[in-house]
Amino acid sequence: MNKDLFYSLDLNLLRTFLVLSQERNMRKASKRLFVSQPAISQALQKLRHHFDDELFVKVHGGLEPTPFAQDLADAITPHIDGLAASLNRNQEFDPKNIDMPVRIAVAPIVLTCLSGTLYHQLQELAPNCTIELIGWSKTTHDEIINGEVLFGINYEIDTPKNIYCRKLLDLTSKIIVRRDHPVNQAIVSAQDMAGYDIASIIIPGWNDSFSLAAEIMKREGVETNVKFRSEFTMAAVDVILHTDLFLPHSDLFPTQHFPQLRAMDAYVNDQPFHYSVYSYHHSKYRHNPLINWLHQQIFSVLHSQIYNK
């Protein structure tokens, strides 16, 4: 049986051969390949043995390819160049080339504040893609793992080992109330809100069975009741518009769109209370250009929502 010259060849040697045929100089080839000249000489010896041909002979000023080497270089150059172009093209990213649905799962407390602005920004930069924003649910982790959801946004939660999370930005706690609520000051503490009940937003997988605001107030010595809970931010907004309940939220809340509401800074131990929002995706996409681009765009939108009100 004849020797299979392809499958028995170290393809690194083929790259060395191609560079030698182009440079026709050991020093230049070693510089281009970032290896020593002895390493180039050793590779050439292996190539000569593999092809049973001298391949290159020394001439004044460098190397001259044998007829076999010249024919081989002419034959493989288009294929190697095509392989290089394919690999390098995978490193180039242009959002205008995104032509698939991008499904993003978002925690309810972020969804209301993000949807319109994010859509406009992504459509401007990636006009050929379809944006699918869905609420974060108890099955979102599984949907990220099996590819049904590409990207997620939520508070810091426990995740399976094959889901990777990165911090997007820190939020500052706010108390949202109707404009004529009895408590009317810029900064409030747990004691200031004593006697008033909570309308809480449920974030599946994060606060299914508790209210962070209620727990913080309890630690501050103030008992309060959670009188309304919903996964729908607008449902909680409707409740506080017509009652003295208050809605724990953050500086993401778009008060500029709700003239009947106002926001007060929520202080704990005489300091603003901060917590973080994270992005989530499959760990295999840690270096994926689309994922990194999405992370940056969402950070940009959230940042502008907070600081450009």
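Colleague: Where does Ser200 sit?
Modeller: Ser200 belongs to strand E8, residues 198-201. Helices (H or I, at least four residues) and strands (E, at least two) are DSSP runs, numbered from the N terminus. Keep in mind that this is a predicted model, where local features need pLDDT of at least 70 and side-chain atom pairs count only at pLDDT 80 or more, while totals for chains, interfaces and linings use all residues. Residues are numbered from 1 along each chain as its sequence is written, and side-chain values use heavy atoms, with hydrogens and water left out.

Colleague: Okay. Is Ser200 buried or exposed?
Modeller: Ser200 counts as buried because its relative accessibility is 5%. The cut-offs are under 20% relative accessible area for buried, over 50% for exposed and partly exposed in between, using a 1.4 Å probe and protein chains only.

Colleague: And which residues is Ser200 in contact with?
Modeller: If you skip neighbours within four places in sequence, Ser200 is in contact with Asn207, Ser211, Val226, Phe228, Arg229 and Ser230. Contact here means heavy atoms within 4.5 Å.

Colleague: Now Gln305. Where is Gln305 found, and which residues does Gln305 touch?
Modeller: Gln305 is in helix H9, residues 289-307. Leaving out residues up to four places away in sequence, Gln305 touches Cys113, Thr117 and Leu252. At 12% relative accessibility, Gln305 is another residue that counts as buried.

Colleague: Changing topic: how many salt bridges does the structure hold?
Modeller: Eight. A salt bridge is a side-chain nitrogen of Lys or Arg within 4 Å of a carboxyl oxygen of Asp or Glu.

Colleague: Give me one. What does Asp265 form a salt bridge with?
Modeller: Asp265 pairs with Lys174, and the closest N and O atoms are 2.3 Å apart. Asp265 lies in strand E11 (residues 261-268) and Lys174 in strand E6 (residues 163-178), so this pair ties together parts that are 91 residues apart in sequence. Asp265 is partly exposed, at 22% relative accessible area.

Colleague: What about Arg32, what does its side chain meet?
Modeller: Arg32 meets Glu23 in a salt bridge, at 3.0 Å from N to O. Arg32 is partly exposed at 41% relative accessibility, and Glu23 is partly exposed at 27%.

Colleague: Which residues are linked in a network of salt bridges?
Modeller: Arg178, Asp180 and Asp244. Asp180 is exposed at 57% relative accessible area, whereas Arg178 is buried at 15%.

Colleague: Rings next. How many aromatic pairs does the count come to?
Modeller: Nine aromatic pairs. Among them are Phe51 and Phe68, whose ring centres are 5.7 Å apart with the planes at 50°, so the pair is tilted. The pair links distant parts of the chain, with Phe51 in helix H3 (residues 37-51) and Phe68 in helix H4 (residues 67-89), 17 residues apart. Phe253 and Phe258 form a tilted pair too, 5.4 Å centre to centre and 35° between the planes. Both Phe253 and Phe258 are buried.

Colleague: What's the rule behind "tilted"?
Modeller: Rings of Phe, Tyr and Trp (its six-membered ring) pair if their centres lie within 6.5 Å; planes under 30 degrees apart are stacked, over 60 edge-to-face and the rest tilted.

Colleague: Which residues form one aromatic cluster?
Modeller: Tyr155, Trp206, Phe210, Phe273 and Tyr275.

Colleague: Zooming out, how is the protein divided into domains?
Modeller: Domain 1 covers 6-88, domain 2 covers 95-168 + 277-308, and domain 3 covers 169-274. Those bounds come from an automatic or database domain assignment. The C-alpha centres of domain 1 and domain 2 are 46 Å apart.

Colleague: And what does the secondary structure come to?
Modeller: Nine helices and 13 strands. The radius of gyration is 31 Å, well over the 19 Å that the globule rule gives for 309 residues, so the protein is more spread out than a compact globule. That radius is taken over C-alpha atoms, and the rule is 2.2 Å times the number of residues to the power 0.38. The C-alpha atoms fill a box of roughly 95 × 40 × 40 Å along the principal axes.

Colleague: Last one: of the 309 residues, what percentage count as buried?
Modeller: 43% of them. For contacts with a separation of 6 or more, residues 24 or more positions apart account for 75%.
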